[in-house]
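Trainee: I am new to this structure and would like to go through it in questions. Please show me the sequence and the model.

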Amino acid sequence: MRYCRPNGYREAEMLNVMLGAWPSFAQLPWSFRERSPEDDNFIARRFASDEGSLQCRLFIPTEYVGEPLPLVVMLHGGGQNASDFAVGTGMNELAEQHNCFVLYPEQSVQANWTMCWNWFEESHHHRGQGEPALIAGAIQEINADYSIDETRVYIAGFSAGGAMAVVLGRTYPELFAAVGCHSGLAHRSAIDHYGAMQAMKDGVEADELSDGTCKVSMPLIAFHGDQDSTVHPKNSLSVVQQYIAGHPNKRSNEPGHRSFSTETGIAGGRAFTRYIHMGKGDRILAEHWSIAGAGHAWSGGTQRGSYTDEGGPNASREMLRFFLQRARG
């Protein structure tokens with residue numbers, strides 16, 4: 001079946017190719033499984049700037065009384081919206097337990113027909129323009145409107161949202177204490193639609209990326225199913241290598257990566273391997289979780305949301321654990 005957008009033949013043709021090649025990559029916007037109920041703790045907001053406007057949902061923990069709290073920013077994948085992503089990941093329930101805000105920026109159909117963040121376009125790779133500037137502006141507005149501990153702001157995402165979270169961490173590093181990427185891609189893995197499809201299908205080696213000037217000392221946690229046929233698992237390794245390279249050794253220009261350890265186990269009925277990359281003093285630079293038998297889905301999520309796998313380690317819980325152990329100095 002082919003889907004067409006009335007205005008924009010080239011975009012419609014690209015969507016047809018993308019949907020034909022990877023049918024699970026982008027559900028159509030009207031096929032969300034479930035939307036979270038409206039309540040006083042999960043409010044709608046709109047942010048507007050010179051870069052455009054952005055609809056968001058904000059989770060406010062019940063015990064918030066004005067004291068500075070951490071903020072987790074969650075970027076959904078293609079074919080999802082903010083409410084669907086919140087339900088599927090269960091992040092609001094965890095944030096309630098740990099007394100955190102959660103902000104869910106929401107991509108619009110007008111910006112991308114599949115509701116993917118445009119991580120693959122050159123115009124969205126840089127600070128001060130495009131979607132990075134728009135999302136950063138929404139975060140800064142939340143920081144101003146609520147009592148946010150600005151040393152404990154974190155960003156994570158899934159698929160296209162994971163790729164955009166990686167971009168935000170590298171273009172606005174002063175905003176975040178850590179980054180989470182689930183089934184995403186490295187910064188500048190592609191600069192156009194066709195490059196995006198190639199990177200998703202075959203993966204991109206970290207040393208093939210063309211942005212060696214970007215050095216960001218940012219802790220990272222990444223998850224990927226080893227049977228993901230939508231975004232090749234090789235991409236998560238490139239994300240990790242890219243972020244590790246941003247931790248320079250202060251005595252040289254070499255990366256500060258020193259060693260790594262490996263942990264294996266079973267969680268939620270799935271085997272996993274966790275690679276822990278460490279720098280000087282055994283400081284953790286990155287965690288990389290590979291989940292055996294998992295496809296393109298949020299690990300340990302709930303089936304009430306889209307693109308989730310109830311099996312496997314709980315990615316939301318592990319990300320929040322990783323995040324809350326870190327603060328920006």
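Trainee: Which residues of α7 are buried?

Mentor: This is a predicted model, and a residue counts as buried when its relative accessible area is under 20%. Helix α7 covers residues 234-244, and eight of its 11 residues are buried, so the helix is largely enclosed by the rest of the structure. Those residues are Asn235, Ser236, Ser238, Val239, Val240, Gln242, Tyr243 and Ile244.

Trainee: Which elements do the buried residues of α7 pack against?

Mentor: Both helices and strands take part. The helices are α5 (160-171) and α6 (193-202). The strands are β6 (178-182), β7 (220-225), β9 (270-278) and β10 (284-291).

Trainee: Which residues is Ser238 in contact with, leaving aside its neighbours within four places in sequence?

Mentor: Ser238 lies in helix α7. Its relative accessibility is 2%, so Ser238 counts as buried. With the sequence neighbours left aside, the contacts of Ser238 are Ala186, Val204, Glu205 and Ala206.

Trainee: Where do Lys234 and Glu205 lie?

Mentor: The two side chains form a salt bridge, at 3.6 Å from N to O. The pair ties together parts that are 29 residues apart in sequence, because Lys234 lies in helix α7 and Glu205 in the loop between α6 and β7.

Trainee: How many salt bridges does the structure hold?

Mentor: Side chains of opposite charge can pair when their charged atoms come close. A pair is counted here when a side-chain nitrogen of Lys or Arg is within 4 Å of a carboxyl oxygen of Asp or Glu. By that cut-off, the number of salt bridges in the structure is 12.

Trainee: How many residues apart are Asp145 and Arg45?

Mentor: Asp145 and Arg45 form a salt bridge, with the closest N and O atoms 2.6 Å apart. Asp145 is in helix α4 and Arg45 in strand β1 (residues 42-49), so the pair links distant parts of the chain; Asp145 is partly exposed, with a relative accessible area of 44%, whereas Arg45 is buried, at 18%.

Trainee: Why is α4 roughly perpendicular to α5?

Mentor: Helix α4 (residues 130-145) packs against α5 with the axes 10 Å apart. Angles from 65 to 115 degrees count as roughly perpendicular. The two helices are therefore roughly perpendicular, since their angle is about 75°.

Trainee: How many nonpolar residues are in the contact of α4 with α5?

Mentor: From α4 come Glu131, Pro132, Ile135 and Ala136, and these meet Met164, Val167, Leu168 and Thr171 in α5. By class, one residue of the contact is polar, one is charged, and the number of nonpolar residues is six.

Trainee: Which residues have the most contacts inside the largest nonpolar core?

Mentor: In soluble globular proteins, nonpolar side chains tend to be buried together. The largest nonpolar core here has 56 residues. Apart from it lies another core of 32 residues, including Val72, Ile221, Ile291 and Phe323. In the largest core, the residues with the most contacts are Leu71, Trp119 and Phe176.

Trainee: How far apart in space are Gly301 and Ala86?

Mentor: Gly301 is in the loop between β11 (298-299) and β12 (308-309). With 11% relative accessibility, Gly301 counts as buried. Gly301 and Ala86 are 215 residues apart in sequence, while their C-alpha to C-alpha distance in space is 10.0 Å.

Definitions and conventions
Residues are numbered from 1 along each chain as its sequence is written. This is a predicted model: local features need pLDDT of at least 70, side-chain atom pairs count only at pLDDT 80 or more; totals for chains, interfaces and linings use all residues. Side-chain values use heavy atoms; hydrogens and water are left out. Buried means under 20% relative accessible area, exposed over 50%, partly exposed in between (1.4 Å probe, protein chains only). Helices (H or I, at least four residues) and strands (E, at least two) are DSSP runs, numbered from the N terminus. Contact means heavy atoms within 4.5 Å. Axes are lines fitted to C-alpha atoms, for helices over the stretch in contact, and angles run from 0 to 180 degrees between N-to-C directions. Angles under 35 degrees count as roughly parallel, over 145 as roughly antiparallel, 65 to 115 as roughly perpendicular and the rest as oblique. Ala, Val, Leu, Ile, Met, Phe, Trp, Tyr, Cys and Pro count as nonpolar, Asp, Glu, Lys and Arg as charged, and the others, Gly among them, as polar. A nonpolar core is a set of buried Ala, Val, Leu, Ile, Met, Phe, Trp, Tyr and Cys residues joined through side-chain atoms within 4.5 Å.
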